[in-house]
Structures are given as structure tokens and as C-alpha cells.
Amino acid sequence: MKPAPFAYHRPTSLDEALALLARYGPDGRVLAGGQSLMPALNMRLATPAALIDINRVPGLDGIAVEGDALVIGALARHDALEHSALVARHAPLIAQAMPHVGHRAIRARGTLGGSVALADPAAELPACLLALDAVVHAAGPEGAREIPAARFFRGIYITALREEEIVTAVAVPWRAQAGARASMSSPGATATAPSSASPRTVAWTTASSARRVLPSAASARCLCVPRAPRRPWSAGPSSPTGPPKRRAHSRAIWTRRATSTRAPPSGDTWRACSSPVAWARCSVDATVAISLTVNGAPVRRRVEPRQSLVDFLRYEFELTGSHVGCEHGVCGACSVRVDGAVLRGCLMLAVQCDGSRVETVEGVAATGEARDLQQAFAVENALQCGFCTPGILLTAQDVLARRPDPSPEEIREALSGNYCRCTGYHAIVAAVRRTAEARARA
Ligand SMILES: Cc1cc2nc3c(=O)[nH]c(=O)nc-3n(C[C@H](O)[C@H](O)[C@H](O)COP(=O)(O)OP(=O)(O)OC[C@H]3O[C@@H](n4cnc5c(N)ncnc54)[C@H](O)[C@@H]3O)c2cc1C
Ligand code: FES
Ligand code: FES
């Protein structure tokens with residue numbers, strides 16, 4: 001369960017990112033939040049020749065009102081959408097949907113652009129964008145184009161995005177907001193009222209003659225807005241901008257690429273590269289130098305681009321508190337703090353942490369920051385084998401830092417992304433409550 005080797009590029013401008021994407025073609029992959037791509041890499045469902053990490057491309061994470069639309073940058077994280085006052089005011093549907101996306105650690109990394117480009121039919125954001133008549137902005141070698149959501153989402157994991165294009169932003173018009181608000185106040189409008197719906201009741205689907213945004217329950221109300229009949233994608237172009245192509249993210253496509261025999265170009269290192277783009281971060285077999293702080297200590301290392309953060313911490317520093325469980329973001333055993341946010345160590349590459357502040361449970365224990373919480377776990381008998389405990393401690397400490405007096409329900413919700421297989425959550429929740437009460441008294 002480790003990724004196959006790949007080159008890693010960290011462009012610092014959109015032009016550079018597009019040049020890299022054009023250079024690698026279908027063998028290059030944009031890396032945004034990594035919360036969907038990294039599991040596919042870990043399971044070798046995807047074996048791209050290169051990752052193009054757009055996280056340091058400036059100007060892609062903004063949220064602003066422009067004219068009659070709320071424009072949200074592709075790198076805006078789910079967490080930012082959840083807490084943005086602008087989104088709450090101008091696109092409340094999106095703000096209300098966000099708490100239902102995975103868990104807090106996933107939302108801290110996952111991005112709007114990644115969710116849009118992936119077009120997972122179970123995902124919240126594509127459903128919201130369809131309901132709100134949003135427009136997806138994309139940039140490619142031939143310039144920028146704007147694609148209405150109804151034309152962008154073509155099917156399950158299929159979009160109108162071309163291989164060499166990058167989603168740069170999404171514009172949500174005011175007109176659609178008024179309609180969405182009306183729908184949310186209508187009885188039975190569960191598709192647009194995530195607060196009263198299970199996260200999994202929101203789904204979207206497309207048909208050749210109509211666009212529908214549906215909860216999966218057949219009885220629920222439909223927000224269908226009829227569209228002109230469209231030819232299926234295989235029947236040829238349906239837009240003046242060119243033939244639609246499958247944006248390949250489905251399991252079948254991941255697998256096809258995983259079995260591709262196309263090898264990375266030989267000599268593909270920063271030294272051999274003749275492109276005008278500065279390939280400073282390019283390496284296939286080579287290691288990359290990074291410097292960061294780990295539990296307060298500055299460190300420098302050379303890492304293979306494919307090494308996950310959790311493996312890096314375990315193998316380089318013997319910080320074995322962060323465990324490796326599922327390696328696809330589900331169990332939370334690998335939780336670490338990066339620049340103050342609790343994240344999945346299995347869904348982040350060590351090379352991405354260049355310049356970051358990384359903290360593990362060992363560091364938190366050493367500073368005494370969570371000593372009372374650790375003691376409460378012992379008093380409440382909130383651990384048995386201890387496999388989940390470091391991740392749960394970090395997550396619980398994060399909850400208490402953000403919300404000093406969480407209710408048992410809030411604690412359960414916050415810990416829902418951390419699997420404990422043997423203790424059971426009753427004692428764990430009691431330990432967190434005990435700590436909250438003690439801190440309040442202190
Ligand atoms: C445990 C777990 C639970 C989850 N639960 C939910 C959930 O309940 N609801 C939900 O909606 N999602 C869920 N997700 C998915 C999560 O929201 C992802 O973050 C999201 O689907 C993809 O966003 P990303 O930024 O992580 O994209 P990445 O993983 O970085 O990329 C995903 C794909 O999109 C491409 N891509 C990324 N950004 C761009 C761009 N700007 N332009 C072009 N292509 C791009 C990548 O090349 C890749 O093919 C979950 C994930 C995990 C691990
Ligand atoms: S090992 Fe990372 S979430 Fe399970
Ligand atoms: S204490 Fe054993 S998995 Fe939680």
C-alpha cells in the first residue's frame with residue numbers, strides 16, 4: 001500500500017502548472033488537497049508519472065464577491081468554505097453542506113477544485129454547484145474558459161474538463177442563490193437542506209436531456225431544471241469549445257492508468273530537462289531536499305517524493321505514535337498536526353511539508369499541552385490496545401482548543417473520523433468531557 005514512484009513538481013504560478021500538465025499529458029496529475037488522489041496512489045489505482053502540486057500557486061484560494069457572483073478559488077479548502085462569512089452569506093447552501101464532507105481532518109485539506117474535478121457522484125459540492133447554477137472556470141493552453149455546472153458534470157466521475165486544463169475557480173451567481181434559498185425553505189427539500197439530511201442523501205446525476213440534483217431517496221423532491229437535449233459525450237462535440245473528453249477519475253480509469261506501460265521520459269530530472277520551466281522540484285528516482293520543524297526541532301532531510309508524512313515521521317525519526325492503519329484517510333490512526341491543523345499523515349507527502357511545522361503526539365506529550373487529557377484517558381479507561389489513541393488524543397485536543405465546552409454529541413461527531421476498534425467510544429467521550437470540565441474549573 002505505497003505509491004509507485006513519481007516525479008514531483010511544485011509550480012509557483014498557474015502558467016508553470018499548465019506547462020507541466022501539457023508536458024506530461026495523461027501521465028501528469030494535479031495534486032490539490034490529495035484527499036482523493038492520495039488514497040488512489042497509495043492503493044496503486046493510479047500510477048501517474050508526475051504529480052503537479054498546485055498548493056503553492058498563488059491566487060487560487062480566494063473567496064470574493066465579484067459583480068453578481070461569489071467567486072471561490074479552486075484551492076479554497078472545505079474548511080474555509082464551512083467557516084467563510086462570505087460563503088455563509090452569499091452561498092449558504094455550500095456553507096451548510098460542508099460539515100457533511102468527511103471529517104474535519106479531510107476538510108482541512110480537501111479543496112473545491114479537487115472535488116469539482118473529481119465529480120464524485122456522492123460528493124456534496126458538485127450537487128451544490130448544480131443546484132446553484134454555478135459556473136466552473138478552467139484554464140488551459142488555449143486560455144481560460146467558463147463552463148456552466150450543468151455542462152461541466154457529464155456523468156459519474158466524468159466532466160467536461162480537458163486533460164491539459166486546471167480548474168481555477170467557481171462562480172456562484174446571485175440569481176441561483178435566491179432560488180436555492182426558496183428551495184431550502186420548501187417542505188421536503190432535503191437536497192438543499194443538508195442540516196436536516198444525512199450527508200449521504202445528497203447526490204447528483206446527469207441525463208442526456210435533463211439535469212437533476214437529487215437526494216438518493218426516490219421520494220425526495222427534485223430540483224430538476226430542464227435543459228435542452230444533449231448528445232451523449234461519445235456522440236461528438238456538444239460545445240463550441242471542442243469535443244468533450246472523459247475526465248478520467250473513475251476506478252476503471254484509475255486502473256487503466258495504473259496498468260499503463262508508458263514510462264516517464266528517460267533522463268527526466270531537473271538537470272536533463274530542456275523546458276523553459278524551472279524544474280527545480282522535479283525528480284523521479286531522486287530524492288528531494290526538504291526542511292521543516294518536527295516537534296519544534298528544525299530538521300533537513302532528503303525524501304523520496306512518494307513517501308507519506310506518516311512514514312517519514314516513523315522511519316526518519318522513530319516517531320511511532322502516529323500509526324499506519326488504512327492508508328486511505330478513513331481510520332485516523334495516522335493523525336498529525338501540520339501548521340496547527342490535524343491532518344491525515346497518510347494522505348500528505350513528506351515532500352509537501354517543506355517549510356511546515358509538524359507536530360506528533362510525542363511532541364504534544366513532551367510539551368505537556370495535553371497532559372490532563374492523557375490522564376483523563378487513563379482515569380476513564382479510555383484506551384486498551386492504544387492503536388487509535390495518539391490520533392484520538394490529537395483530535396480531542398483540537399476539539400477542546402476550538403470549543404472549550406463540547407457536548408458529548410459534539411465530541412462524538414468530532415471523533416467520528418477516528419476509529420477505535422477495541423475500547424469503545426463511551427469511555428473516550430467521558431475522558432474528553434472530564435478534561436473539558438477540569439479546564440473550565442481551572
Ligand atoms: C475519509 C474520506 C472521506 C471523504 N468524505 C467525503 C464526503 O463525505 N463528501 C465529499 O464530497 N468528499 C469526501 N471526500 C473527498 C474529499 O472531499 C476530497 O478532498 C475531494 O473529493 C477532492 O479534493 P482534493 O482537493 O483532495 O483533490 P485531490 O485528491 O488532490 O484531487 C482529486 C482529483 O482531482 C484532480 N484535481 C484536483 N484539483 C484540480 C484542479 N484544480 N484542476 C484540475 N484537476 C484537479 C486531481 O488530479 C485528482 O485527479 C472524502 C475523502 C476521504 C479521504
Ligand atoms: S492510516 Fe491514515 S487515515 Fe488510516
Ligand atoms: S484502543 Fe484499541 S483501537 Fe482504540
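Phe317 counts as partly exposed because 16 C-beta neighbours lie inside 10 Å. The class follows from a count of other C-beta atoms within 10 Å of a residue's own: 20 or more is buried, 12 or fewer is exposed, and anything in between is partly exposed, with C-beta atoms placed from the backbone. The model is a predicted one, in which local features need pLDDT of at least 70, side-chain atom pairs count only at pLDDT 80 or more, and totals for chains, interfaces and linings use all residues. Residues are numbered from 1 along each chain as its sequence is written, while chains are lettered from A and ligands numbered from 1 in the order in which they are written.

Phe317 belongs to helix 12. Helices (H or I, at least four residues) and strands (E, at least two) are DSSP runs, numbered from the N terminus. The C-alpha atoms of Phe317 and Val294 are separated by 9.0 Å, although the two residues are 23 apart along the chain. Helix 12 spans residues 309-317, and its buried residues are Leu309, Val310, Asp311, Phe312 and Leu313. Strand 15 (297-303) and strand 16 (335-338) are included in what covers them. Contact here requires C-beta atoms, placed from the backbone, within 7 Å.

Glu318 follows helix 12. Glu318 sits in the loop between helix 12 and strand 16. Its phi is positive, near 55°, in a residue other than glycine. Most residues other than glycine have a negative phi. Glu318 counts as exposed because it has 9 C-beta neighbours inside 10 Å. Asp133 also has a positive phi, of about 55°, and is not a glycine. Asp133 lies in the loop between helix 8 and strand 6 (135-140). With 19 C-beta neighbours inside 10 Å, Asp133 is therefore classed as partly exposed.

Buried residues make up 48% of the 442 residues. Among contacts with a separation of 6 or more, 63% come from residues 24 or more positions apart.

Strand 3 (residues 50-53) is covered on both faces. Ala50 and Ile52 are buried on one side, and Leu51 and Asp53 are buried on the other. In a regular strand the side chains alternate between the two faces of the sheet. Strand 3 also has two parallel partners, where pairing requires at least two DSSP bridges between the strands. Strand 1 (residues 7-9) pairs with strand 3 over three bridges. Here Tyr8 has Leu51 as its bridge partner. Strand 2 is joined to strand 3 by four bridges. Gly28 stands opposite Ala50 in this strand 3. The chain crosses from strand 2 through helix 2 to strand 3 in a right-handed β-α-β crossover. Right-handed means that, with the strands pointing away from the viewer, the path from the first strand over the helix to the second runs clockwise.

Strand 5 (residues 69-73) has four of its five residues buried, so it is largely enclosed by the rest of the structure. Strand 4 (residues 63-66) pairs with strand 5 in the antiparallel sense, over four bridges. Val65 stands opposite Leu70 in strand 5. The two strands form a hairpin with two residues between them. In the turn, Gly67 has a positive phi of about 65°. Strand 5 also pairs with strand 10, again antiparallel, over five bridges. Gly73 is opposite Ala169 of strand 10.

Ligand 1 is surrounded by 31 residues, and the closest are Gly33, Gly110, Gly113, Gly114 and Gly329. A residue is near the ligand if its C-beta atom, placed from the backbone, lies within 6 Å of it. Elements giving two or more residues to this shell are strand 2 (28-31), helix 2 (37-42), helix 7 (112-118), helix 8 (124-131) and strand 10 (166-173). Helix 7 gives the most, with five residues. The shell residues divide into 16 nonpolar, 12 polar and three charged. Ala, Val, Leu, Ile, Met, Phe, Trp, Tyr, Cys and Pro count as nonpolar, Asp, Glu, Lys and Arg as charged, and the others, Gly among them, as polar. Domain 1 (1-58 + 250-286) and domain 2 (60-216) both give residues to the shell, so ligand 1 lies between them. The domain bounds come from an automatic or database domain assignment.

Key. Contact = placed C-beta atoms within 7 Å.
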